[in-house]
Amino acid sequence: MNLTTTDKTVKMIKFIKQNHRKMKRIFVPLLAAATLLSVVSCADLNVNNPNNPDTRRVLATPADLQGIVAGAFVTLYNPWRGYQHNVHMEWAADYVTMTNAFRGFWNFFKVEPRVPWDNTLANSNGDITSIPFQRWHAAISNANDVIRAIEVNRQSAGTPAVNAATLAGAWFVRAMALGYLATSFDRAYIVSPTQDISQRLDLSNYREVMAEAQRSFDRVIRICDSVSFTLPANFINTPSPYTNTQLARLARTYAANFLVQNARNRRENSQTDWNRVLALTEQGMTQDYVINLDGNNWQNWFVEIAGLEWYWRTDHRVIRHMDPTYPTGYPATGTLRRADSTRDARMRETTGYFKYESSLAFFRLDRGPQLRSHYRFSRYDELYLANGVGPCVFLYAETNRLLRAEALAMLNRIPEAVELLNAGRRTTVGRRPPLPPTATREEVLNAIFVERDLELMMTDFGIHFKDMRRRDALQRGTILHFPVPAIELATRQEALYTYGGVAAADGVNTADGSNSWLGGPTATRFTGGQTQP
Amino acid sequence: MKKVILFFITWLFAVGAYAQERTISGTVRAAEDASPLIGASVQVKGTKVGTKTDVNGRYTLQVPADATTLVFSYIGYRTIEVAIGDRTVIDVSLEIDAKMAAEIVVTGVAEGTPTKKLGFAIGKVDEQILKEVPAVDPANALRGKVSGVIIVQPTGIPGTAPTIRLRGSTNIQGQSEPLIIIDGIITPPGTTLADIDINSVESIEVIKGAAGASLYGSQAANGVIQIITKRGADNPNATDFTARTEWGITDLQRLYPLNKSHRWQIDPATGDFRRASPTGITRVFEPDQLMDNPYPGQVRDHQKELFKNRSFNQNYFAVGATGKNTNFFASGARLFNQGILELTPAFDRYNLNLNVDHKISDFKLTGSFRYTNSVGPDAIERGQGGPFYGVLLLEPDFDIYATNPDGSPYWAYPGQVPIPGGRPTVAGNNAINPLYSLSTTTFDLRRSRILANAALSYQILSWWRVEAQGSYDRAEEFFKQVTRRDTYNNNMNAYTGGGLTQYEDLDDGLVLTANSYFKQSFGDFNTSLTLRYQFERYTGNFARVSGSQFVVSEVPQPQALTTTTISNFAFSADVRAENFFINGIFDYKEKYIFEALVRRDASSLFGSEARSQIFFRLSGAWRITEDIEIPGVQEWKIRASYGTSGQRPPFIAQYETFNIVNGVPVKDLLGNNRLRPSRVAEIEVGTNLLFLNRFNAEFNYATATADDQVLIVPLLAYAGFTQQFQNAGQMRTNTIEFSLGAEILREEDWKFNMNIVGSRTIQEVTQLGRPPFPTNGDFGVAAAGGVANTMFRIEAGQPFGVMYGNRHARSLDELQVDANGFVTNLVGLPRGVLRREDFTINSDGYVIRRFAPISTTNFANSTNPVEGTINERAWLLADETGAPLVTKIGDSNPDLILSISGTLSWKKLSLYFLLDTQLGGNIYNATRQLLYFNERHADLDQAGKPDDKKKAIGYYIGGLTPGLGIGLYNNNNPTEHFVESATFLTIREINVSYTFDADILNTIGINFIRDIRLSLVGRNLLTFTGYTGYNPEVALAGNATSFRVDQFTYPVFRTFTAALQVRF
């Protein structure tokens, strides 16, 4: 049957008339349902996250590449915020002491004889190592993003100078992060800027990681040597932004510093490429590397709190650099005299290195007398009094001088090394007699290490620990570098392992104490009798 | 012939029918509003002859001639019997049966459904029980009343609702709190029940499992709690007034056991502690290192000085009316709870409720409006800066009321700076005077909430009804913590400058729902079908500012802070969801019941490639007693259900995110556009049994698998982004639960009802798509968690709530030996030195060595015995590397939770009680561990101990001493020594009351009052436990039911009150 449109309408009207009552009953809810559906049925379920940006928003404009590098710097320096393992390495190096059990200060790293590092998921202080490990790799990832964008994808962060600064900043972060990873852990990842990270990567050993770090430093130096620029102010919070020249000098010193500090023992130290160290330090830094701490992105907890009279104290090992007659540890009974300050002026409070504190109220005897000391580090009191806000030295220019002196000594250019040492703070501040040009290499090196302990006080990341290990001077059983953190191993589904402990003293991963500062592998701070109360 | 016979037979029957039957018709209505009751049963007594009323409440029934009585029944109404007599028209009105009405449930089902027709378990607490001891909030009201409900009050801070878990945890990482529905309004996660007044609550329904909760799809993996408030009056065509007032005090049942002795030398010249040096403040310890010396001079109990009996009261007024077409209920309530902590403000809450229902022909309009406003305290718990730390750490000889150098009250740090004229302090006691802390740091926590709901229902046809509903929910929270500018630093030589943290959180929720209900009977088959569309939108806005160092005094505002210290944080969320479901119920003669549900959820919280998800349920029940008559059994039903529900991921989970750290972006989360809600599939089987007209039993077994857990998975370090939310991991839980109600006495004067509920749940992580991880249960918020930070191990194959840590050797059998007999597995003991026989068990049951080592380097035996000397130490077991063995040391999960409640009445006097018990399960007493370190725990008190059992201080807290062992304190690492049993028995609620009813009141000439009830009420009255802390009810907030740690919290307290209720 064929119906015209009119027919259809007539039929419909008829139907409606017939079913008027019924239709009315149905019409109301249908209308309501239609209204409701029209309000919501096209509900858009795509919601943006207004709280955090994603990559698209972070890289909305080419200039944003700078922001990524700034973020990479913040990430690189993140481990200085909080007590991460630079603090713990300095404990293990018998540089600082304290009885506070906070973050495992003394119960892992200061136990004598030494015990293994608990690299399990159960260790409540496991992030001591996992935070630096993760942050440094994250910093590399940020740097790689920028390097890839500029070098591979040919994006530009701005003018040639800005672009060069951004690229140099990225390579510098990459180099630094690799340097810290190599010198702190036994293994780490080497991720190239073009690496496909959806593929599983293997860990590389610390020598390979250091080689990659050195290559990255070379890239920084090459960029700095070819383009003039000033680093954007939000890269590193230096009092004034670094120029390409300053950055190149800093890169050279750090490259040398990392190279030297990568040695795990005396044998490896002798294998260091000292010629390269010498070459790098020839054009190394001439001014202290200072970062203005702001209490937020830029912090350095280890240094900031040094001014607190009852917190860190100076281990007797360091005091003995200036007064060799001072006991290796605090006695179990009685109180201890002040150290002799006639040998080295830096023992005098007026020179601003160390301060004598009479109270041992916070140094619990039942945790071991060896943890006590009357001296604390007073070089950074001003920063402490300013609540950790203000300039903080991350690497002294003196580092470069001492590295250079050491390279000369290692290359048997003793008189030049002696000359450098005698012109330094050893004599100008410490008022020590100059070393004779006829000094032996060992005497020169010993003097250098004393200077490094006193003059580079608490700078860099575990600097004193890394010095101690390359001389085999750590106590037997002290960890020489950290295993890959348990959380990373577990994520990789690999077996957990650890280092440290007297039983594991192999001289490769764990100190054998062959040249222990206490006097050999079996030496302890105390002789005879039970010293624990 | 055939035809003749057929005709004859037909005639015979027809005549017979004509002679024996007659027709009776009539209408069945509800007494309260004369509305027709549809589907009411009309039956000839003693026969199977019967029918059901139609949509107009009408019936027509052919009854045998000898029929004398008709039985009218309708679910929720009292069954009545009516003599037929000569009548052919019989109209009846049925009265609501309060007891039976309770059997109608509205949660987990599309429409109000009698429990007898349910294929899954539902718990219900009705007003009869709720009114006995009106809890401070609905969460507390559920305690001990529904099986399978686990409730832990992690803190005593007034205004904090306890944590509720229904059956097992379904969420490895995140909350296991159930979905809260208030009168049909779905509330967003994080809704606190602390804001709801229990007096206006009619009933609470609890769906414990994922199967029952399938109706709520991706919101309901943790089960559902629905609060149903009162509507109308208690009686039809009446207006009721109720006024209730309750007054009383708070009280702390038990104090923390503390050390009353010390180990210091007393200077005979001064009678005071001997000083180490003339200028120093350090004391000199006695050579024996035993804490057995009484303090010189006056000692005080700081706990009694801090925890006081304070005021608790609540007042309530309600008016309700039920009319022909309209009923309403309005109530107002105030709860005033000062808690037990000195110097803190009370939790002061006001509630207003208005419920209105109105009927116009086929339309029914329902509206609710609920407003809550509260002001309450908060307190610094857990950490070392708060009053709960200070009160336990300060030595008992300090006068915490001493005046500070600046004239302000409460000497700030008596443990660090001696009070003039007071005693020199002990080394390193960093405790703050709790009263100073409370007087200088103040908290202000304000919440307000509006819940409004309107629904319009329209009965289009007898079998078709539609309904539209809209609800709006606004929650606002304001928090401010201010530390005064002139607050001393801990050396008391300068002021800290103070500081401030404040935040405001504003959440809005809009839920629009359209329902279509179809109901039809086909002979003995009854069917009902529901279609629902629901749109949800929640927006949240949070803004926080904090900073320190006020530049002026008494201006507690952010602008008065030093600019460089100020930090800001804001967070907004926008969540949208669109859900549809279809639900059908079919039954045959109400004895075989089958139900099916399919739901589709689409939510903005799911990854863009997983936007919609399907959930479903199938359930069935067989009412056996409808088919088989069993003597003494009134009703026996068996049922089974299988269903799925889920839990939505958190807002940020799907997104790739950079954190903005002071202006620079830093990679954080890797996005996941395939992120799905977690999915819980549950099988529940159960049975309900009513027998001997006195007993009502229920038993359920539920097994649930929670798949696709939304977990933060750490990424390999080179990924740049450090972590990602992934659907990884699976949990399994098994629960058995039972309840038994009994009407033990129902004499004229004596009545005794009792109810027992119990459950046992086993919960286990069965798969984990990431490395095992340690947690404090607070997931990502480890602030001040201390020892608890990594105690709980999330690992495949492990119970959820298992504690890991070190253990000190307790038996010589635990000592492993090498081929030469040398012990190999003790921390700090080199191999090849000592044999098993060189060790013994001390009076505490720990392994110690018999003889001290020769020296610190030669660990061989000397001739000096160890026990009782300063060399006594226990030994930690070591793993093969020599590091402390990390092993299972405890489990938070209880073996059984059981409650018994009952009402015993004699005439107008009644006694209601609720006993609550937990058997098994552990609490980690981290408070105790830290008190060891600070030499304040009673365990360290050697006074009164026999000499051969005395232990020196090093035994308790000494660090690792190679060759000797390590103190029990174990450097604040998780240690089995501090794992305690959580078993307890609590008299949770008591109410002794007397009712003066109208008869009595009339005799004294009062005729306008319905009744007056006088009660004596106790809450959390008495706890019996071996647990040594304040109360076994303690946990870190977060996931309090699975992670039980005691760490300097506000103790849970009790209240004693008297109440008066008058009804007009």
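Which residue in strand 44 of chain B does E764(B) stand opposite? It is P799(B).

Ground rules, quickly. This is a predicted model, where local features need pLDDT of at least 70, side-chain atom pairs count only at pLDDT 80 or more, and totals for chains, interfaces and linings use all residues. Residues are numbered from 1 along each chain as its sequence is written, chains are lettered from A and ligands numbered from 1 in the order in which they are written, and side-chain values use heavy atoms, with hydrogens and water left out.

Chain A, then. There are 20 helices and 8 strands in chain A. These are DSSP runs, numbered from the N terminus: helices are H or I with at least four residues, strands are E with at least two.

Now the dimensions. Chain A has a radius of gyration of 31 Å, whereas a compact globule of 533 residues would have one near 24 Å. That radius is taken over C-alpha atoms, and the globule rule is 2.2 Å times the number of residues to the power 0.38. Along the principal axes, the C-alpha atoms of chain A fill a box of roughly 120 × 60 × 45 Å.

Burial next. In chain A, 62% of the 533 residues count as buried. Buried means under 20% relative accessible area, exposed over 50%, and partly exposed in between, with a 1.4 Å probe and protein chains only.

Contacts in chain A: take those between residues at least 6 apart in sequence, and 72% join residues at least 24 apart. A contact means heavy atoms within 4.5 Å.

One residue to look at is A361(A). It sits in the loop between strand 6 (354–356) and strand 7 (375–377) of chain A. A361(A) is buried, at 6% relative accessible area. P415(A) is 54 residues from A361(A) along the chain, and their C-alpha atoms are separated by 48 Å.

Over to chain B, and strand 41 (residues 750–767). Two strands pair if DSSP finds at least two bridges between them. Strand 41 pairs with strand 40 (residues 730–746) of chain B, antiparallel, over 16 bridges. A hairpin of 3 residues joins strands 40 and 41 of chain B. Within that pairing, T735(B) has T761(B) as its bridge partner.

Strand 51 (residues 896–906) of chain B also runs antiparallel to strand 41, with 10 bridges. There, K751(B) stands opposite S905(B).

Finally, strand 44 (residues 798–799) of chain B: 2 bridges join it to strand 41, again antiparallel. That is where E764(B) faces P799(B).
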